[in-house]
Amino acid sequence: MRLTFFLQQPGGKMSVPVHHRRTTIKNVEIFYREAGSFDAPVVLLPHGYPCSSFEFRDYMRCLGDGWRLLAPDFPGAGYSATPEAFAYDFDGFASFLGDFVDALGVERFALYLHDFGSQIGLRLAISDPTRIAALIVQNGDIYEDVLGPNYAALHDVWKMDRDDGIAELRRSISRDHFRDEFLNDVRPDLASRIPPDLWELHWGLMSERRQEIAARLIYDLKDNLAWFPRYQAYLRAHRPPTLILWGPQDGYMPEDAARAYLRDLPDAELHLLDAGHWLLETSLDEAVGLTRDFLERVHPPA
């Protein structure tokens, strides 16, 4: 007797498989996750820190019935390689993301913006606005005046010269730091729903080299603040259809950071969920339902 099991997603739809693939982009071995048909409209999912494409694993299987979802691990993160010659800064990651979609033959896509993936994704969008069909924004900060209290410690580090600041950040990067980043400021009942796999998996992938890369990238967030007006100008100029999914229990990006997007995108759809920075872990069903409704209107399946 053979038994077959199927996973059912919200709304009675059947979940689709997520495929785990590898490719080479400019001599760098890249791991990525893919769900959906090759000819379906694309949703590109760049991840945040200290995570990887793992953050989208369940979201992808719930939406792959109508869209092709692509989530790469950046060089130096997840299961991708950590080459010595790669430019581990926001421009370098944005360039990689463009090379990735080109290599997979993707011309136009909806773009998911989360954590530092929002900075990387928006640089890609600025480089060629015609490729962006829509934006989905989830706890991605681009408004300096509404940054949360957790940024205070970073501002102290940014006052140091570069070498001292990076050394201070390097000392702070640890398993406990990863745990705190994933739990952030959510209520205890929500914190218990965030799987420890997030910090155990990702800390286990952190070599000495990767810890150094992370420290340098966090220090360079200081210079990235100068890009915030450019991100905002892109939004005002192009007004892409935008869905904002936000977990306000976030010490870095509270509710005001979500509402700030409406300054430049007054027609954006804003939803504040009972969640924190990693809302796909605690509010997946709601996020999937809102995304499906949005994409069916602005980036529909063929």
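Trainee: What should I know about the numbering and the cut-offs before we start?
Mentor: Residues are numbered from 1 along each chain as its sequence is written, and side-chain values use heavy atoms, with hydrogens and water left out. This is a predicted model, where local features need pLDDT of at least 70, side-chain atom pairs count only at pLDDT 80 or more, and totals for chains, interfaces and linings use all residues.

Trainee: How many disulfides does the structure hold?
Mentor: A disulfide here is a pair of cysteine sulfur atoms within 2.5 Å. The sulfur of Cys51 has its closest cysteine sulfur in Cys62, 17 Å off, which is too far for a bond. Cys62 is in no disulfide either, so the count is zero.

Trainee: Is Cys51 buried or exposed?
Mentor: Buried means under 20% relative accessible area, exposed over 50%, and partly exposed in between (1.4 Å probe, protein chains only). Cys62, at 5%, counts as buried. Cys51 has a relative accessible area of 4%, so call Cys51 buried.

Trainee: What is the volume of the largest pocket?
Mentor: We work on a 1 Å grid over the protein atoms alone, where a pocket is an open set of points with protein on both sides within 12 Å along at least five of seven lines, while a cavity is a set where a 1.4 Å probe fits but cannot get out. Grid points are joined across faces, edges and corners, and a volume is the space filled by probe spheres set on the points. For the largest pocket that gives about 490 Å³.

Trainee: Which helix gives the most to the lining of the largest pocket?
Mentor: Lining residues have an atom within 4 Å of a point, and helices (H or I, at least four residues) and strands (E, at least two) are DSSP runs numbered from the N terminus. Of the 26 lining residues, Leu154, Glu181, Ile218, Leu221 and Tyr252 lie nearest the centre. Helices H3 (116-127), H4 (151-158), H5 (162-172), H6 (175-183) and H9 (208-219) each supply at least two residues. With four residues, the one that gives the most is H4.

Trainee: How many residues of that largest pocket's lining are nonpolar?
Mentor: Ala, Val, Leu, Ile, Met, Phe, Trp, Tyr, Cys and Pro count as nonpolar, Asp, Glu, Lys and Arg as charged, and the others, Gly among them, as polar. The lining of the largest pocket has six polar and four charged residues, and the nonpolar ones come to 16.

Trainee: Which residues lie closest to the centre of the largest cavity?
Mentor: There are three cavities of 30 Å³ or more, and the largest has about 230 Å³ of space. Its lining takes 20 residues, with H9 giving the most, four. Closest to the centre are Tyr49, Cys51, Gly76, Ala77 and Met206.

Trainee: Where does the largest share of the second largest pocket's lining come from?
Mentor: That pocket holds about 160 Å³, and its lining includes Gly92, Ser95, Phe96 and Asp99. The largest share, four residues, comes from helix H2 (residues 90-103).

Trainee: Which residue of S4 is the bridge partner of Tyr32?
Mentor: Two strands pair if DSSP finds at least two bridges between them. S2 (residues 28-35) and S4 pair in the antiparallel sense over four bridges, while S3 (residues 42-44) runs parallel to S4 with three bridges. All five residues of S4 (residues 68-72) are buried, so the strand is largely enclosed by the rest of the structure. The partner of Tyr32 is Pro72.

Trainee: Which peptide bond is cis?
Mentor: Look in the loop between S3 and helix H1 (57-63), where Pro50 lies. With omega near 0°, the cis bond is the one from Tyr49 to Pro50.

Trainee: Is Lys26 buried or exposed?
Mentor: Lys26 sits in the loop between strand S1 (19-25) and S2, and has a positive phi of about 50° although it is not a glycine. Its relative accessible area is 63%, so Lys26 is exposed.
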